[in-house]
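Hi everyone, thanks for making time. Let me put the sequence and the model up before I start talking.

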Amino acid sequence: MCGIVGYVGPRDASPILLDGLRRLEYRGYDSAGIAILTPGGKIEIRKSEGKLKKLIDALDGRAPVGNLGLGHTRWATHGAPNDTNAHPHADCTGRIVVVHNGIIENYAELRESLRARGHKFVTETDTEVLAHLIEDEMRGAKSEGALALVGAVQRTLKQVRGTYGIGVFDQADPELLIGARHFSPLVIGMGSGENFIASDIPALLPHTKRVVLIEDGEIAALTRDSIHLYTLDGEPVERDPLQVTWDAQSAEKGGYPHFYLKEINEQPAALANALRGRIDERGVTIAELDALDLARVNRVLLLACGSSYHAALVGKRVFEEWTRLPAEAVIASEFRYACPVIDEHTLAILITQSGETADTIASMRLAKSAGAQTLALTNTIGSSITRGVTATVNLQVGPEIGVVASKTFSAQVVLLELIALDWARRRETLPAARIAELALQFAQLPDVVEGALGTDQQMRRVAEKIWQRKSIFFFGRGYGYPTALEGALKLKEVSYLHAEGYPAGELKHGPIAMLDPDIPVIAIATQSATLDKVVSNIQEVRARNAPVIALATEGDARIAEHADEVVYLPHVSEELAPVVATVPLQLLAYHVAIKRGTDVDQPRNLAKSVTVE
């Protein structure tokens, strides 16, 4: 999830681009760059690894001057975050400049084809193929001027698979700026005698509140005084502008009052990104597993902290059920000081959103020193853990600004399950029909999660009932247990209300002594092999007069007989239920925090990345 800004008009572009990138830096901060077409007809590109401030410091007030330009702040997917891989990128001639947000899935085959035709590549990015493809298409262009570049971009984008929001300009046309999108957002800002493109509205607000939305499969051609929209087939598109009513701070949050709520609601799109290129009608493929010698693995360790550990607990179950390999989920801070039994037949999976969690990195080093293969599951390419492991699987969900995990937890669960499913396919430990059935459910999961977001108003009402209680218990069995742990953790993190998650069968081994009418219990009672047992546990709670809020599967009418309130969720396989059931628990934590007046996005005493012991 990168940030793009483009400008064409009478003003100096550099200050506009740099300010726009500052407003979009929440979208990515691995590197930043600008490209300016100077009055002398020269393209000047300045870019730097690291946060935007590093680029601004390097420019030291001497940014290139010109009236046409593009800027980019990067969240790395292909290629490490460094000066070379930073955007913008140019073609072989230096005439075409491109910035890109998204993933070109077939970039490798396109790059080899372009190399065979004599093109020279200087970066590790997927984006660079776009510049060279446009260069190729411009050579064969039959039209001239703006139509030539528009046509070249159209023909280029028909060759690519994946997602993109792009900005393009041509040294030969100082009055033309091109934008295009497919799944990755891009918005036009309409000024007076000037026009803009940006990945998100915040970059536009200092200059205009009139915007035109570019839809999937469309190309925009902007000059100072005109905006033209086309389909990839060249058909013109008419669309009226919208008037934005947000202020700049609200716009960064997409109109949401908090990043945490925004990121909860981003989960359908985030999961679609996590699944992209990994699930299709043929089944599941996690290409990163090819870098491992899976044949010699006879044991899996899942090492993580916090929410990532709860995802690991789900991963343990699916690895054992689907691959028939023994698996163990271990808290990284405990693992590093233990005397674990590890050898060359062990695969250690390191799960960390930031890729910088100190205990998880230390666990990786311990596992490697014992001869284990290592696989990282992280949201941050180029992070410390990615530089030390055998292979890395990227979450592909974009930056998460809220301190507590929401979309990254969901993606961790999904990708651990996809890894297990692909491995089961390779080991032939699941029938092909079952793999196909699960693959279809994964493909449908973003829509199912969208349905789970419909519980928001009900969770707001539940929050009204519990926000002043002294403690909340969560319980579940099987896949419901890590869901209960995650729900309790969310409530503690953002609202500071005491909460505990338990395996449902463990309540009567001590915790049930705590129950009374003032301590609500939230039961994870979605469809599962152990649902009857969970219902029995609910009855034990009701016998102690504790109020029960049950999360259940749509169509389960009997659960209402045993709970004071039922939150119904869409039906999914038991293995996918943690992703769906966590959504209302995230919403509950949010609404309780609002009632209690806490800092939702930056809870006290917490940090997004725990880089110390």
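Predicted model: local features only at pLDDT ≥ 70, side-chain atom pairs only at ≥ 80, totals over all residues.

Residues are numbered from 1 along each chain as its sequence is written, and side-chain values use heavy atoms, with hydrogens and water left out.

Let's begin with the holes. Rolling a probe the size of a water molecule over the atoms shows where empty space is left. Here that is done on a 1 Å grid over the protein atoms alone: a cavity is a set of points where a 1.4 Å probe fits but cannot get out, a pocket is an open set with protein on both sides within 12 Å along at least five of seven lines, and lining residues have an atom within 4 Å of a point. Points are joined across faces, edges and corners, and a volume is the space filled by probe spheres set on them.

The second largest pocket holds about 920 Å³. It has 28 lining residues, and nearest its centre are His78, Arg278, Ala287, Glu288 and Gln396. Strand E22 (391-394) is among the elements giving at least two residues, and its three residues are the largest share. Helices (H or I, at least four residues) and strands (E, at least two) are DSSP runs, numbered from the N terminus. By class, that lining has nine nonpolar, eleven polar and eight charged residues. In this scheme Ala, Val, Leu, Ile, Met, Phe, Trp, Tyr, Cys and Pro are nonpolar, Asp, Glu, Lys and Arg are charged, and the others, Gly among them, are polar.

How many cavities of 30 Å³ or more does the whole structure have? There are two. The largest is about 90 Å³, with 15 lining residues, including Arg477, Tyr479 and Gly480. Helix H17 (577-596) gives the most to that lining, three residues. The second largest cavity is about 70 Å³, and H17 again supplies the largest share of the lining, three residues. Its lining has six nonpolar, four polar and no charged residues.

Now to helix H15, residues 480-495. Its 16 residues should span 22 Å at 1.5 Å a residue, and the end C-alpha atoms are 22 Å apart, which agrees; the expected span is 1.5 Å times one less than the number of residues. Of those 16 residues, 14 are buried, so H15 is largely enclosed by the rest of the structure. Buried means under 20% relative accessible area, exposed over 50%, and partly exposed in between (1.4 Å probe, protein chains only).

Some local details to finish. Most residues other than glycine have a negative phi, and most peptide bonds are trans. The His87 to Pro88 peptide bond is cis, with omega near 5°.

Finally, Glu400 sits in the loop between E22 and helix H12 (407-427) and is buried at 3%. A polar atom of the Glu400 side chain lies 2.9 Å from the backbone nitrogen of Ser406, and one lies 3.1 Å from the backbone nitrogen of Lys407.

Note on methods: Polar contact = N/O pair within 3.5 Å; in protein donor to acceptor, adjacent residues only side chain to side chain.
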